[in-house]
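Here is a short report on one protein chain. Look at the model first, then read on.

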Amino acid sequence: VPLGPHEVEITIDVKGGDIQAADSSLLAWEDVTMVPDEVSAVAKTCNSAVLVYRNVVLCKPLHFTFAGKGSGYETVQVSLDEDSWTRPLTRMEQRHIAFLQQEVLEQEANDVEPLEQRNEALVVETNQKMSLAVDEITRLSKNVAHLATQLQHQVEKTNALQDEIRQLSVKP
């Protein structure tokens, strides 16, 4: 159980062995090995103890060996996650967690409002751009229609002039 930023508490039950060997149990990570800073017996039974290790690096894989190296006990990996915590949270920890949760919710709420405002502003800006684009397309369509009409008139004038040239060239 992480008790603080760098403190680990391990509760052990010894079956068929000597609980006194708990004093030399090792917690290791990478190339660091340490013995417990505190060992206290569990009140209900004489085969259980609580080992407290301080200044532990919690972001590295941890390995625990009961009674130290050469004792014949196997080294096991220690995983520190919410499911492996055995002690209930203190009131102070619960209040701190509630405060942090509230802070996160408020931050999310504050982040959502500006996001909605930015989205609305983007929608308004896009609508304005679309309106300008539609106006431009309408203007260009009118210009194309006008040019098409002028082209048609030019074609008609050209045809009329060609007919006149033909008639003039046919007359002797």
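Which residue takes a positive phi in the hairpin of β3 and β4? That residue is Glu30, with a phi near 45°. The hairpin has two residues between its strands.

**Where the model comes from**

This is a predicted model, in which local features need pLDDT of at least 70, side-chain atom pairs count only at pLDDT 80 or more, and totals for chains, interfaces and linings use all residues. Residues are numbered from 1 along each chain as its sequence is written, and side-chain values use heavy atoms, with hydrogens and water left out.

The score pLDDT is the predictor's confidence in each residue, from 0 to 100. The protein chain has a mean pLDDT of 82. Of its residues, 87% reach 70 or more. Among the elements, strand β1 (residues 2-4) has the lowest mean pLDDT, at 47. The highest belongs to β7, at 88.

**The overall plan**

The protein chain holds one helix and eight strands. Helices (H or I, at least four residues) and strands (E, at least two) are DSSP runs, numbered from the N terminus. From that end the order is β-β-β-β-β-β-β-β-α.

Now for burial. A residue is buried under 20% relative accessible area, exposed over 50%, and partly exposed in between (1.4 Å probe, protein chains only). Of the 172 residues, 17% count as buried. The accessible surface comes to about 13,400 Å². Carbon and sulfur atoms own 57% of that surface. Accessible areas come from the Shrake-Rupley method with a 1.4 Å probe; for residues, only the protein chains shown count as cover.

Contacts tell another part of the story. A contact means heavy atoms within 4.5 Å. Take the contacts between residues at least 6 apart in sequence: 57% of them join residues at least 24 apart.

**Strand β3 and its neighbours**

Strand β3 pairs with two strands described here. Two strands pair if DSSP finds at least two bridges between them. With strand β7 (residues 62-65), β3 pairs in the antiparallel sense over three bridges. Leu27 has Phe64 as its bridge partner in β7. Three bridges also join β3 to strand β4 (residues 32-34), and these two run antiparallel. Here Ala28 stands opposite Thr33 in β4.

In a regular strand the side chains alternate between the two faces of the sheet. Which residues of β3 are buried on each side? Leu26 and Ala28 are buried on one side, and Leu27 and Trp29 on the other. Both faces of β3 are covered.

Ser25 lies in the loop between β2 (7-13) and β3 (26-29). Is Ser25 buried or exposed? Ser25 is buried, because its relative accessible area is 0%. Leaving out residues up to four places away in sequence, Ser25 touches several others, including Met34, Leu51, Tyr53 and Phe66.

**Salt bridges**

A salt bridge is a side-chain nitrogen of Lys or Arg within 4 Å of a carboxyl oxygen of Asp or Glu. How many does a search of the whole structure find? It finds four salt bridges.

| Pair | Closest N to O distance |
|---|---|
| Arg54 and Glu38 | 2.2 Å |
| Arg166 and Asp163 | 2.9 Å |

Arg54 is partly exposed at 29%, and Glu38 is partly exposed at 38%.

Lys129 and Glu125 are four residues apart in helix α1 (residues 91-170), so about one helical turn separates them. Lys129 is exposed at 52%, whereas Glu125 is partly exposed at 37%.

Arg166 and Asp163 are three residues apart in helix α1, so they too are separated by about one helical turn. Arg166 is partly exposed at 48%, and Asp163 is partly exposed at 36%.

**One aromatic pair**

Rings of Phe, Tyr and Trp (its six-membered ring) pair if their centres lie within 6.5 Å; planes under 30 degrees apart count as stacked, over 60 as edge-to-face and the rest as tilted. The search of the whole structure finds one aromatic pair. The rings of Phe66 and Tyr73 have centres 4.8 Å apart and planes at 90°, so the pair is edge-to-face. Phe66 is buried at 9%, whereas Tyr73 is partly exposed at 39%.
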